[in-house]
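Here is a walk through one protein and its ligand. Keep the sequence and the 3D view side by side as you read.

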Amino acid sequence: MEIDARPLDGFAALGLDERLIAALTSLGYEEPTAIQREAIPPLLAGKDVLGQAATGTGKTAAFALPLLQRLGEPAATERAVRGLILVPTRELAMQVAEAVHKYSRGSALRVVPIYGGQSIVQQLRALERGVDVVVATPGRALDHLRRGSLHLDAVQTLILDEADEMLDMGFAEELEAILEHTPAERQTALFSATVPKRILEIAKRHLRAPVQVKIQPEKLAAGERARVREIAYIVQRRNKPAALARVLDMEGPTSTIVFCRTRIEVDELTETLGSRGYSAEALHGGLSQEQRDRVLRRFRDGASEILVATDVAARGLDIEHVSHVVNFDVPSSPDAYLHRIGRTGRAGREGVAVTLAEARESRLLRNIEQFTKHKITIESVPTAHDLRARRLELMHTALEETLTGGNLDAYRRVIESLAVDHDVLDIAAAAAKLADEARDGSADDEADIPKDVAFVQPLAERPRFTKAHPDAAKRMASADMTRIFIDLGRSAGIRPADLVGAITNEAKVDARQIGAIDIADGFSLVEVSNASVDSIIAALRGTKLRGKPVTARRDRKVKGVRP
Ligand code: ADP
Ligand code: MG
């Protein structure tokens, strides 16, 4: 039993030295992650390691910390590349080099990233000056090897990071060529989010009696994974941009990465989103290095809210606070899906993964579900009516906040003078309307986005509403409507469409029999025509909404008064 448990005992217990622990303390790391716990001791002992863990689990520190400790202080006279880290993309080269640099705080070790797109002169100069650790993309590393500007004969430790991705990007031959230039007695570690057969083959050829470390995604599931809500919408391809806009408006994400298959798709979608008023920026391999840096910086800083990216461009990037990941298409494999959704729900935060699928792709979705053992809920694209309801909900909150905020005297006087001739409720409603219109001049798309037809879902037929619900107010006041109280509300996830769907489906009444809908946290109120009220209450008895049993009854409160 530990009595004197210092916060960094976890790292110290793995055998890391004081200097590294001081660096970790300054970075705010408290406990090693699972992959770090498992991989650091064998790496420190000089063993080869084959490590598998999902994106975002801290693989960089898992290999960088032992690498740094084993290198020790550099010899003052002769500097030689003793640590080599190969990564698939230039962004990762920069990111990993930066991480290694941070972990090396307090030592004199030099770390440089070497990647395509950066001035080769600059890289030559850095290499000439002498470096200890090189973080490189395979293509550029091979360039330097051929020019004679990179020497790998002193390499003690070689790391292949995101090895699966390097293979997917067609770097297999480059990897072989680079490995040939390194001493046979080196230490080798291979890290990958997935370990398909091709990776095992590489490991068999180039790793010596590797310690295999596999962190099961299932083990993560309880704490981390469950925090990602996974949803799919079935829509036709041509309706995807509109569906995406609806979903974004409904979800209100803080920052989103949208994945597309190709550069062209990325550019097109970025433009479409821009024209719809979203601050979206494209990230793909066709951009210059400066452009990419700028895009990433703006996204990290929150200056842009949506990053539209190809898999390759975004792979492995460590971006914090991604609230939503959108698959504009169903990813080609379950692995790719896991990689993508790994961008959100990081470090225990909540995340949402949205997939836009065509009907013919629903089989792919099921494959992914089986493989990942995550449930992907298929939902209907929010209707214009849902959005409208959501906006009114937001307005309700905003008004409440303004009311408690006070400082309303000037406005009160305006209302007072109007109240001489008008009902105060009417005046308030007019003010709300004005605010609503001023806030969002652009009209909603009114047409509902059709579900991709080949896909048939039981609750498919949602009644079509006119978006503004123009006569709802009149209906509410009219004597032939009755209010039903339903004991589920916002906190149960109830949306207007759920209520309308349940009522029209269960009671087989026309949507026109339904008037105003008011959803509070713990309950909902629905106006229905007097003629249908009993059959609706009877029909709702025993049914479920969002998985919860419903109780419905006539509302006892006086009409027209908010609960
Ligand atoms: P991976 O390579 O597995 O995708 P990274 O190495 O990029 O993951 O790490 C993801 C994030 O977690 C980074 O921001 C990193 O600084 C952070 N991190 C890594 N290890 C720890 C730790 N032990 N405690 C806190 N944060 C950590
Ligand atoms: Mg990584």
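Start with how residues are classed. Ala, Val, Leu, Ile, Met, Phe, Trp, Tyr, Cys and Pro count as nonpolar. Asp, Glu, Lys and Arg count as charged, and the others, Gly among them, count as polar. With those classes in hand, look at ligand 1. Its shell has four nonpolar, seven polar and four charged residues. Bear in mind that this is a predicted model.

Which residues come nearest to ligand 1? Of the 15 residues around it, they are Tyr 29, Glu 31, Gly 56, Thr 60 and Asp 318. Some atom pairs can be picked out. A polar backbone atom of Glu 31 is 2.7 Å from a nitrogen atom of ligand 1. A polar backbone atom of Gly 58 is 3.1 Å from an oxygen atom of the ligand. Thr 60 uses its side chain instead: an N or O atom there is 2.6 Å from an oxygen atom of ligand 1. On its own, ligand 1 has 570 Å² of accessible area, and the protein covers 80% of this.

Now step back to the whole chain. The protein has 563 residues, and 50% of them count as buried. Its secondary structure comes to 23 helices and 20 strands. The accessible surface is about 27,700 Å², and carbon and sulfur atoms account for 52% of that.

Next, go inside. In soluble globular proteins, nonpolar side chains tend to be buried together. Here the largest nonpolar core holds 40 residues. Leu 16, Leu 65, Ile 85 and Phe 191 touch the most other members. Several elements each supply at least two residues of this core: α2 (18-27), α3, α4 (59-71), α5 (90-103), β4 (133-136) and β6 (187-192). Which of them gives the most? Helix α4 does, with eight residues.

Setting aside residues up to four places away in sequence, its partners include Phe 63 and Leu 67. Val 96 and Val 100 are also among them.

Helix α3 spans residues 34-44. Its buried residues are Ile 35, Gln 36, Ala 39, Ile 40, Pro 42, Leu 43 and Leu 44. Just after this helix, Gly 46 takes a positive phi of about 90°.

Most residues other than glycine have a negative phi. Glu 162 has a phi near 50°, and Lys 373 has one of about 60°. Where do they sit? Glu 162 is in the loop between β5 (157-160) and α8 (163-168). Lys 373 is in the loop between α17 (362-372) and β14 (377-379). Are they buried or exposed? The cut-offs decide: buried means under 20% relative accessible area, and exposed means over 50%. Glu 162 is at 7%, so it counts as buried. Lys 373 has 62%, so it is exposed.

Another loop to visit holds His 284, between β10 (280-283) and α14 (289-301). Its relative accessibility is 4%, so His 284 counts as buried. Its side chain makes a polar contact with the side chain of Asp 267, at 3.1 Å. A polar atom of the His 284 side chain also lies 2.9 Å from the backbone nitrogen of Gly 286. Beyond its neighbours within four places in sequence, His 284 is in contact with Arg 263, Val 266, Asp 267, Arg 292, Thr 310 and Ala 313.

End at Ser 491, in the loop between β15 (481-486) and α22 (496-506). Is Ser 491 buried or exposed? Its relative accessible area is 66%, so Ser 491 is exposed. Leaving aside neighbours within four places in sequence, Ser 491 is in contact with Asp 521 and Gly 522. Ser 491 and Gly 522 are 31 residues apart in sequence. In space, their C-alpha atoms are 6.2 Å apart.

How values were computed: Residues are numbered from 1 along each chain as its sequence is written. Chains are lettered from A and ligands numbered from 1 in the order in which they are written. This is a predicted model: local features need pLDDT of at least 70, side-chain atom pairs count only at pLDDT 80 or more; totals for chains, interfaces and linings use all residues. Side-chain values use heavy atoms; hydrogens and water are left out. A residue is near a molecule or strand if one of its heavy atoms lies within 4 Å of it. A polar contact is a pair of N or O atoms within 3.5 Å; within protein, one must be able to donate a hydrogen and the other to accept it, and residues adjacent in sequence count only if both atoms are side-chain atoms. Accessible areas come from the Shrake-Rupley method with a 1.4 Å probe; for residues, only the protein chains shown count as cover. Helices (H or I, at least four residues) and strands (E, at least two) are DSSP runs, numbered from the N terminus. Buried means under 20% relative accessible area, exposed over 50%, partly exposed in between (1.4 Å probe, protein chains only). Contact means heavy atoms within 4.5 Å. A nonpolar core is a set of buried Ala, Val, Leu, Ile, Met, Phe, Trp, Tyr and Cys residues joined through side-chain atoms within 4.5 Å.
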